[in-house]
Amino acid sequence: MAEDLHIVAGTKADQYESLLPQIKGLLHGENDLVANLANIAAALKEQFGWLWVGFYLVKPSFAHLSNEALAKLKASEDKDELVLGPFQGPVACTRIKKGRGVCGASWQEARTLVVPDVGKFPGHIACSSLSRSEIVIPVIRNNHVVAVLDVDSSEYNQFDSTDQHYLEQIVSLVPF
Ligand code: SME
């Protein structure tokens, strides 16, 4: 049974250092993807209080298509899209195409993107009008992006290389 999360004050690094072993504990012995992603999103939201924390999963975009369109899509390179997964925060866009917004760009480039001011990111997708800065971390397995972790803040300039360092570690822990 999960214990209450132990929330700490201190520097950002102190907060991540406290959170990391707790996240490892939450994941220990559990291999259900949705359960693990849900607990990671909740733990990050509880510790840091960000506006939105969650995952988008790379999935085939086969819904709502005719057989003909489906056949074309299956033959194309663009058959996948990001679909909303476990998250904490306001309701969000459900589907994002490759290259679109910060999430789609992070997926396409297979690297973490730190955006100090979302208003200055070309093509940023405003799921919430309150979002001001954002970091997106791709989850990479066997050289493929399988998901992204997206974090939004209602303040400008909230994310830096410390967040990148620890959030990349955290996503590396998830058994996909
Ligand atoms: N802002 C993101 C979209 C996802 S929401 O912020 C939850 C983007 O530009 O990709």
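I began with the ligand and found one of its oxygen atoms 2.9 Å from a polar backbone atom of V102. I call this a polar contact, a pair of N or O atoms within 3.5 Å. The model is predicted: local features need pLDDT of at least 70, side-chain atom pairs count only at pLDDT 80 or more, and totals for chains, interfaces and linings use all residues. Residues are numbered from 1 along each chain as its sequence is written, and side-chain values use heavy atoms, with hydrogens and water left out.

Next I looked up the nitrogen atoms. A polar backbone atom of I125 is 2.7 Å from a nitrogen atom of the ligand. E134 uses its side chain: a polar atom there lies 3.1 Å from a ligand nitrogen.

How many residues surround the ligand? I noted 13, and the closest are V102, C103, I125, C127 and E134.

Helices (H or I, at least four residues) and strands (E, at least two) are DSSP runs, numbered from the N terminus.

Then I turned to salt bridges. A salt bridge is a side-chain nitrogen of Lys or Arg within 4 Å of a carboxyl oxygen of Asp or Glu. The structure holds six. In one of them, K12 meets D160 at 3.4 Å, N to O. K12 lies in helix α1 (residues 12–27) and D160 in the loop between β6 and α5 (161–173), so the pair ties together parts 148 residues apart in sequence.

Technical notes: A residue is near a molecule or strand if one of its heavy atoms lies within 4 Å of it. A polar contact is a pair of N or O atoms within 3.5 Å; within protein, one must be able to donate a hydrogen and the other to accept it, and residues adjacent in sequence count only if both atoms are side-chain atoms.
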